[in-house]
Amino acid sequence: MLPIRDHNPSTRKPYVTHALIFLNVAIFVSYYMKLGVPSEINPFLAQWALVPQWVMNGEGLYTPLTAMFLHGGIMHLAGNMLFLYIFGDNLEDQLGHIGFLAFYLIGGVAAGFGHAISDPNSLTPMIGASGAIAAVMGGYLLLFPRAKVDVFFFFLVFFRIFALPAWIVLGVWFGIQAVNSAIMTAASSGVAYWAHSGGFVAGALMMIPFWLSQGGTGFWRRTHGHAPNPEAKYPVSRSSIPSVRRRK
């Protein structure tokens, strides 16, 4: 199951969201050729990736910020940028360009420190924008719990796009991260689940003052849990599995 879009067009151009996507892609391209060369990529990561033990010892305290602009592969980058593209524009619409940028960066740093605290003796480098994007998702869930999100479901030869409310899509996503945080470490799984969980919670908490300033539950009543913009309409399609007639 993969979210592919939401039904909430923004009223202003999401310049910051697009700039963050461009910056992440540009940085990835700048070191892409080093990924298969340990003698080059290892010193690079040692300088810019987040290493929990070093951060907890007071070293590399800038790395929770720099690590969120690094990715370990094309699919890692593509997945993160897809989620940022889907959920970032509506938060930028509500918070403004500067407010959203601050929200994104603070959420990413909080996620990085959350990861370091969860495994303070780890020497495994952590990279990726997913902690910051998890914060965006947490804020999105608080503001727009009933917003429709199209999810691509694929199983063998069958596929279909379902329009589901955000509270289901993001709630299930967070539940998976929380469970995996409790049973796996980043070193064993290769995924910084605590950064995801911590970023999501940090984003929801940071969004509370803005949500209250908009009326809290009154904001939900006015918007019915959707973004306060006309909802986009998309055709929902499914695959058709051809039937084969038996010859008599």
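**Notebook: pockets, cavity, cores and strands**

I began with the second largest pocket, which holds about 230 Å³ of space. For pockets and cavities I worked on a 1 Å grid over the protein atoms alone: a pocket is an open set of points with protein on both sides within 12 Å along at least five of seven lines, a cavity is a set where a 1.4 Å probe fits but cannot get out, and lining residues have an atom within 4 Å of a point. Grid points are joined across faces, edges and corners, and a volume is the space filled by probe spheres set on the points.

I note that this is a predicted model, in which local features need pLDDT of at least 70 and side-chain atom pairs count only at pLDDT 80 or more, while totals for chains, interfaces and linings use all residues. Residues are numbered from 1 along each chain as its sequence is written, and side-chain values use heavy atoms, with hydrogens and water left out.

**Second largest pocket**

I found 13 lining residues here, of which Asp6, Asn8, Pro9, Tyr85 and Asp89 lie nearest the centre. E1, H1 and H5 are the elements that give two or more residues to this lining; helices (H or I, at least four residues) and strands (E, at least two) are DSSP runs, numbered from the N terminus. H5 gives the most, with three residues. I sorted the lining into six nonpolar, four polar and three charged residues, counting Ala, Val, Leu, Ile, Met, Phe, Trp, Tyr, Cys and Pro as nonpolar, Asp, Glu, Lys and Arg as charged, and the others, Gly among them, as polar.

**Largest pocket**

I then turned to the largest pocket, with about 840 Å³ of space. Its lining comprises 34 residues, and Asn80, Trp173, Gln177, Val191 and His196 lie nearest its centre. Strand E1 (2–6), H5, H7, H8 and H10 each give two or more residues to this lining. H8 gives the most, with seven residues.

**Cavity**

I counted one cavity of 30 Å³ or more. The largest cavity has a volume of about 40 Å³. Its lining is formed by Pro64, Met68, Gly108, Ala111, Gly112, Met126, Gly128, Gly131 and Ala132. H6 and H7 each supply at least two of the lining residues, and H6 gives the most, with three.

**Nonpolar cores**

I looked up the largest nonpolar core next; such a core is a set of buried Ala, Val, Leu, Ile, Met, Phe, Trp, Tyr and Cys residues joined through side-chain atoms within 4.5 Å, buried being under 20% relative accessible area with a 1.4 Å probe, protein chains only. Phe87 and Tyr104 touch the most other members among its 47 residues. H7 gives the most to this core, with 10 residues.

I checked Tyr104 separately: beyond four places away in sequence, Tyr104 touches Leu20, Asn24, Met68, Leu84, Ala129, Ala132, Ile133 and Val136, contact meaning heavy atoms within 4.5 Å. A second, separate core has eight residues, including Leu50, Ala67, Ala116 and Ala192.

**Strands**

Lastly I examined the pairing of strands, for which DSSP must find at least two bridges between the two. E1 and E2 pair in the antiparallel sense over four bridges, with Asp6 partnered by Val149 in E2. E2 and strand E3 (residues 158–165) also run antiparallel, joined by eight bridges. Here I noted Pro165 in E3 as the bridge partner of Lys148.

Note on methods: Buried < 20%, exposed > 50% of the residue type's maximum accessible area, 1.4 Å probe, protein only.
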